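Please look over the fold before reading on.

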Amino acid sequence: MTPARLAHTAAVLAEVLAFERPADALLAAYWRRHPKLGRQDRHRIAETVFAALRHYQKILTLLPDAPRQTRAAALLALHFGGEDAAALADETERELLTRAAQTDFSGCLNTASELPQWLTDTLRAGGWDDARILAFGRSSAQSAPLDLRVNTLKARRSKILPQLQAEFAGTAATPYAPYGIRIGGKPSLAGHPLFAGGALEVQDEGSQLLALLLGARRGETVVDFCAGAGGKTLAIGAQMAGSGRIYAFDTAEKRLANIKPRLERAGLTNVRVERIAHEHDARLQRLAGKADRVLVDAPCSGMGTLRRQPDLKYRHNPDSVAELVRLQQSVLAAAAQLVRPGGRLVYATCSVLPAENAAQAAAFLAAHPDFAELDAADILRAQKIPLDTGRFLELDTGRHGTDGFFAAVMERRR
């Protein structure tokens, strides 16, 4: 960190700490306005901004007016990130850093876990004890590793893993997902031959497990109802060995545009990518009662992805979560109409909040007696995956080292 980089960091934080737009989008816009910032400049500024977000509960304790004192907030972010910020500080700021070093933050769950009050209250109400909340919060304040999925259409993990272990320190097979590889650090793989050739895709281990719960088979008709950028679509396509038909739907044209080059790289030609206006788009009716498998990775709060998007815990609140719950109910009900009798429906989120997860699945089953719950642990066990979180898949960062995910598996009986 240099004085010039610190000034840029403070300027970006003034926008980020308003929590009106995603932090990564604000950083990208800032880089466009300051094109002379080099790669190292951008890296150091971004790292400090995200450190401020990860340690914001501690920063607020020491600096209640942090959104308007962003230079001091940036110095505290450096301090909590393990750096010596004193050389960049004036006398008043050095006193602040000394207080930070002398303060015991362990007595308050919010500062100890780096989670805001609304979130700890919500988790407690959902049955989490303080030890689990603390583990989740502390693990979510760490940087996420880089998880990869081996594309089984082009390679085998047993062949690729030794090569990556020789190239990148700390590389290992993921403990649960059978095609996953976890790389220590965050190397750029964009130009790597295995990535460019389609043998590898970036995908969190938890996300890989969602595709395995869907259990798509060759020749089937499968719908990825909220496909996003297509990570799970690609995993499903590999399961189906390029046969059958996958429909990748989403409401965002920009997200869907990212799928097409990934499909080409992966060697998949059986995916139809289509933008829909909303979950009740009339064009969906042609698939009503015809899909063998439907995956609903529903719009959610993202509270399971705080390692990657720490600002989400400040951009959401109980009211915004309640609004998402209503949207999820509508999306799930619409997607269920596409499942044929005997077909499988998987409802998933990248959240750890009970209202978006188990409560949502229970409400759906109560309103749709033609669907019955399947045991997620049994499905994983049949695939020799050593993971049992009960009848639902419920992953959280503190317990499993993945992003936080939820999945309920259901079968249409009539």
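Two strands count as paired if DSSP finds at least two bridges between them. Strands (E, at least two residues) and helices (H or I, at least four) are DSSP runs, numbered from the N terminus. The model is predicted: local features need pLDDT of at least 70, side-chain atom pairs count only at pLDDT 80 or more, and totals for chains, interfaces and linings use all residues. Residues are numbered from 1 along each chain as its sequence is written, and side-chain values use heavy atoms, with hydrogens and water left out.

**Sheet**
- Four strands form an open, antiparallel sheet in the order β2-β3-β1-β4.
- β2 (172–173) and β4 (200–202) are the edge strands, each pairing on one side only.
- β2 and β3 (residues 180–183) run antiparallel and are joined by two bridges.
- A173 has I181 in β3 as its bridge partner.

**Helix on the sheet**
- Helix α10 (residues 157–167) lies across β1 (146–150), β2, β3 and β4.
- α10 runs at about 5° to β3. Axes are lines fitted to C-alpha atoms, for helices over the stretch in contact, and angles run from 0 to 180 degrees between N-to-C directions.

**Helix pair α2/α3**
- The axes of α2 (residues 23–33) and α3 (residues 39–54) come within 11 Å and cross at roughly 150°.
- α2 is therefore roughly antiparallel to α3 (angles over 145 degrees).
- A23, D24, L27 and W31 of α2 meet R42, I45, A46, V49, F50 and L53 of α3 (contact: heavy atoms within 4.5 Å).

Note on methods:
Angles under 35 degrees count as roughly parallel, over 145 as roughly antiparallel, 65 to 115 as roughly perpendicular and the rest as oblique.
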